[in-house]
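Please read these points beside the model.

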Amino acid sequence: MTTTTTTTRRFVQLAACAVAVLLAVAASGAAAQGVGSVITEAVFNSMLPNRDNSQCPARGFYTYDAFIAAANSFPAFGTSGGSAELIRRELAAFFGQTSHETTGGTRGSSDQFQWGYCFKEEINKATSPPYYGRGPIQLTGQSNYQAAGNALGLDLVGNPDLVSTDAVVSFKTAIWFWMTAQGNKPSCHDVILGRWTPSAADTAAGRVPGYGVITNIINGGIECGVGQNDANVDRIGYYKRYCDMLGTGYGSNLDCYNQRNFAS
C-alpha cells in the first residue's frame, strides 16, 4: 500500500468522523430549541419533584415528553419574549399558576411549593359537571371545553375526559388557555411579556400589568378584590420559586388583592 493511499484513507476517515460529530451537535441543538432549551427534563423534574408521589392522584400522568409535545404546538409559547429574562419569566409564571391549580401542598409547610401537578382533575368534580376542572389549568365550564376543543380540533364537549386521560391534550388545553385572549381578558402570554396595555376600565378597576392580573384572568371572581388570601399567596410562592430556579426576576404587581375581577 502506498503512502498516498494510506494518507487518503485517513483523510476520508477523519472527514467522516467530523461529519458525524457535526450531525450529533446539530441534533443536540435541534432538541434544545424552543421551550426545551429552558425547561430541560432535569429542570422539569426539579420544579415538580412530587408530581409522581404515591400520594398524588396524577402520579405518572404529567410527563416531560407530554409537556414538550404540547408546547411544540404553540411556537410562541415560552420562546417569543424577546429576551432570555422574559422567556424564563413566562415559563415561571405558567408553571406557577398551573402548579397552584394542581397543588397537593400543605399551606405553611416547608415544602408547600414543591407539590405542583399532584392532581389532574377537580377533587369533588362539583363545578359545572361534566365540565369540571381538568388538567394543569383546571379547564372548567362547557364554553371553555368548546373553545379549547375548537382550537385543538378535538371534541372536548363530547369527550371532556380526554383532558384528564391524554397528557398531551391536557397540557395543550393549559397552553391554549395561556395563549388566548377571551372577551375583555388579555392572554396570560401577553400580560407576562409586557404586551398588554390596560384600558381605562382596567385602570379604574385597579388591574395593572404583572403576575397578579394573570391570577385575575384565571380565577379573579373568587380570588381578586378581596384582600390578601391564601390562594394568591400560594400562586405567588410557586411563581417566586420557579423564577429563582430559572434565574429571572419577578416583575411587579404580583397579587390581585385590590383588583376588581374582569366580570365586574
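1. Glutamate 101 touches Pro136, Ile137, Gln138, Ile218 and Arg235, leaving out residues up to four places away in sequence. Contact here means heavy atoms within 4.5 Å. Glutamate 101 is found in helix H4, residues 84–101. UniProt lists Glu101 under "active site", in an unreviewed entry. UniProt positions follow the numbering used here, feature names are shortened, and annotations may be inferred rather than shown by experiment.

2. A word on the basis. This is a predicted model, in which local features need pLDDT of at least 70 and side-chain atom pairs count only at pLDDT 80 or more, while totals for chains, interfaces and linings use all residues. Residues are numbered from 1 along each chain as its sequence is written, and side-chain values use heavy atoms, with hydrogens and water left out.

3. The overall make-up is helical: the protein has 11 helices and 0 strands. Helices (H or I, at least four residues) and strands (E, at least two) are DSSP runs, numbered from the N terminus. Of the 264 residues, 44% count as buried. Buried means under 20% relative accessible area, exposed over 50%, and partly exposed in between, with a 1.4 Å probe and protein chains only. Among contacts with a separation of 6 or more, 64% come from residues 24 or more positions apart.

4. Glutamine 138, one of the contacts of glutamate 101, sits in the loop between H4 and H5. Its phi is positive, about 55°, although glutamine 138 is not a glycine. Glutamine 138 counts as buried because its relative accessibility is 12%.

5. With a relative accessible area of 37%, serine 128 is partly exposed. The peptide bond from proline 129 to proline 130 is cis, with omega near 5°. Proline 130 lies in this loop, and H5 covers 142–152.

6. Next, a helix pair. Two packed helices are described by the angle between their axes and the distance between the axes. The axes of H3 (residues 64–71) and H7 (residues 167–179) come within 8 Å and cross at roughly 50°. That makes H3 oblique to H7. Angles under 35 degrees count as roughly parallel, over 145 as roughly antiparallel, 65 to 115 as roughly perpendicular, and the rest as oblique. The crossing of H3 past H7 is right-handed. H3 contributes Ala66, Phe67, Ala69, Ala70 and Ala71 to the contact, and H7 contributes Ala167, Val168, Phe171, Lys172 and Ile175. By class there are 9 nonpolar, no polar and 1 charged residues.

7. Which residues does phenylalanine 67 contact, leaving aside its neighbours within four places in sequence? They are Val35, Ile39, Phe44, Phe77, Phe94, Phe95 and Phe171. Phenylalanine 67 belongs to H3. Its relative accessible area is 0%, so phenylalanine 67 is buried.

8. Last, asparagine 261. It is found in the segment after helix H11 (230–246). Asparagine 261 counts as buried, at 18% relative accessibility. Asparagine 261 touches Arg207, Asn216, Gly220 and Gly221, not counting residues up to four places away in sequence.

Terms used: Axes are lines fitted to C-alpha atoms, for helices over the stretch in contact, and angles run from 0 to 180 degrees between N-to-C directions. A crossing is left-handed if the near helix is turned anticlockwise from the far one by less than a right angle, and right-handed if clockwise. Ala, Val, Leu, Ile, Met, Phe, Trp, Tyr, Cys and Pro count as nonpolar, Asp, Glu, Lys and Arg as charged, and the others, Gly among them, as polar.
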